[in-house]
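Please read them with the structure open.

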Amino acid sequence: MSHLIVSNLTKTVGDKTLFKNIEFTIYEGERAGLIGINGTGKSTLLSILAGEQEADVIELDHPNKYRIAYLPQEPQFQEGETVLQAVFSGDSPILQLNREYEDTVSLLSENPQSEELQNKLFRLQQQMDSEKAWDVNALAKQALTKLGIDMYDQQVTKLSGGQQKRVALAKVLIEPADLYLLDEPTNHLDVQSTEWLQEMVLRLKGAVIFITHDRYFLDEISTHIYELANQTLFRHTGNYADFLEARAIREEMHAASQEKLRNRYRSELKWIRRGAKARTTKQKARIQRFDELDSKIERGSNDANLELSLATTRLGKKVIEGEKLSKAFGNKIILKDFDFLLQSGDRIGIIGANGYGKSTLLNILAGELEPDSGEVIVGSTVKRVHFKQVLPSMNENQRMIEYIREASNDITDAEGVRYSAAQMLERFLFPLHTHGTPIGKLSGGERKRLHLLRLLMEQPNVLLLDEPTNDLDIETLGVLEDFIEHFPGVVITISHDRFFLDRIAKKLWVLNGQGNVEVNLDIYSDYLEKQALAQKVEAKELKEVKEEKPKQQKVKSEKKKLSFKEQKEWETISDDIAKVEEQILQTEEDISNAGADYTKLQQLTEAIDELNKEYERLIERWTYLDDIVNG
């Protein structure tokens, strides 16, 4: 069984030590979810294992020819490279063969008369057969299609950032590897693509280490949880739910231990305050024990929850109203006569496939984009903030505390209690000693967390959030969700994060891509379940409905005779039909025995489709010949 043993791994960036002397072993078939607050070095760890970054110190032990496939958070592609060339750009022999085959097909389409290219293609086809490389070729195209990429000859660098990430994901999934390193693979994926990815990762034979903010995905995929904290890596057996349960028990035991320490501390403190004389050895030892006890007691709270109800400008009965909103870009209709009325306390999730106009709708609500027709009426007391997918430019030399104080030096809760900018930074998981850190030294996730806090410091009463969960760590998501739960205003969010929407959204706006918006009151997971069930029922009904061909009246005419060729065909056609029937039965049996072998299932499905077509052709031909013979 292949394995990777990592020992004494240490990495320092500038004056910050991310991890020191960490070690772990991962075996084939294990899937480890890597979690930790942004800035603890999760992406750096994967990059080091992939050989993209150097560690200060590292010891690796693994078998010879140990292959690693790596999905970075922001993949890079060569200029002019097509989608298929990018997907087959790995260095494994089977990918190189596919790359050469696809390049030859492309060249031959431009010069179909080239005998040299024809011979080369024939040779490559034979090699593809012998190496069984067609499976990888089919899987690559199927992966791209499932991930919403269907233009294989388009240049990758001309695609959007989200599309480039999906191309890179397809590349990694088809690579034969002993270890797969996936950095935020669910970013930019809709629910259907995420569920498909989930199935694909479960089928991978090698080990997997992955970073994700999608807690449902993390829970379904992981066999282990690797937690980066305090420059150390902690390894937990089980999925994310098991990890949370173990952590809750550990925290409960820790809290009980702290309570016992506090009780002892109070007793010892009374003795100290009575003016104990430190003349005897016994008294000196007791005072020393008190000092040790004092150092063990934790002061302050490390709780990541942000149960803070802000004092906001009071919202009137009408918050934002939309009347007959319509918007289109060329022939692409985004909205068509959409009416809505937002009221205080609304929690709305905007959902729909990529490209259906979710961000466009949010931009209209933010007042940053005008509808083609209709009107957006905003209440006089409304104070909106718009958290966008792409962060605005930030002064990299500016310190965190200064950046927050630009918005506000303090914030007031509903009870009138004031919290300083420094206190709010701590509540958003930035320890006090980091507040003077320049923004340029923060990770991407830390910058996003900092910008989110800055917007909240403005004390808005309407939050417009566009994919707020992307690149945020799970702890920060918990902070954000707790904040929203106690937020007295209106929240409208776009997200593919099922857990986040389940917890936040009380109402769904469902965009169908044709301009219509359906209002749905289901929890997001319930909505998805109902949609999946409806699709199954529809598919079943279509299968059961058999179209009956209208019977045609036979017109009496002169009796036809079989030609010599038709006579020969008539003599063998019954046997031909019987052979195809046997092949169909055998293929159906092979499908039922294929189990979870996806590649084999795909081949068998294609084969049975071809057999059914041939069967229908023979039956049609037999009917024609029979009419002549017995007409």
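1. The model is predicted, so local features need pLDDT of at least 70, side-chain atom pairs count only at pLDDT 80 or more, and totals for chains, interfaces and linings use all residues. Residues are numbered from 1 along each chain as its sequence is written, and side-chain values use heavy atoms, with hydrogens and water left out.

2. Helix 3 (residues 93-110) and helix 5 (residues 134-146) have axes that come within 10 Å and cross at roughly 75°. The two are therefore roughly perpendicular (65 to 115 degrees; under 35 is roughly parallel, over 145 roughly antiparallel, the rest oblique). Helix 3 makes the contact (heavy atoms within 4.5 Å) through Ile94, Leu95, Asn98, Tyr101 and Glu102, and helix 5 through Trp134, Val136, Asn137 and Lys141. By type, the contact residues are 5 nonpolar, 2 polar and 2 charged.

3. Helix 1 (residues 42-49) has 7 of its 8 residues buried (under 20% relative accessible area, with a 1.4 Å probe and protein chains only; exposed is over 50%, partly exposed in between). Among the buried residues are Lys42, Leu45 and Ile48. Just after helix 1, Gly51 has a positive phi of about 85°.

4. An open antiparallel sheet has 3 strands in the order 11-10-13. Strand 11 (332-341) and strand 13 (373-378) are the edges; each has a single partner strand, so one side of each lacks a neighbour in the sheet. The twist from one strand to the next averages 20°.

5. Strand 10 (residues 320-329) pairs with strand 13 over 5 bridges (pairing requires at least two DSSP bridges). Ile320 has Val378 of strand 13 as its bridge partner.

Technical notes:
Axes are lines fitted to C-alpha atoms, for helices over the stretch in contact, and angles run from 0 to 180 degrees between N-to-C directions. Helices (H or I, at least four residues) and strands (E, at least two) are DSSP runs, numbered from the N terminus. Ala, Val, Leu, Ile, Met, Phe, Trp, Tyr, Cys and Pro count as nonpolar, Asp, Glu, Lys and Arg as charged, and the others, Gly among them, as polar.
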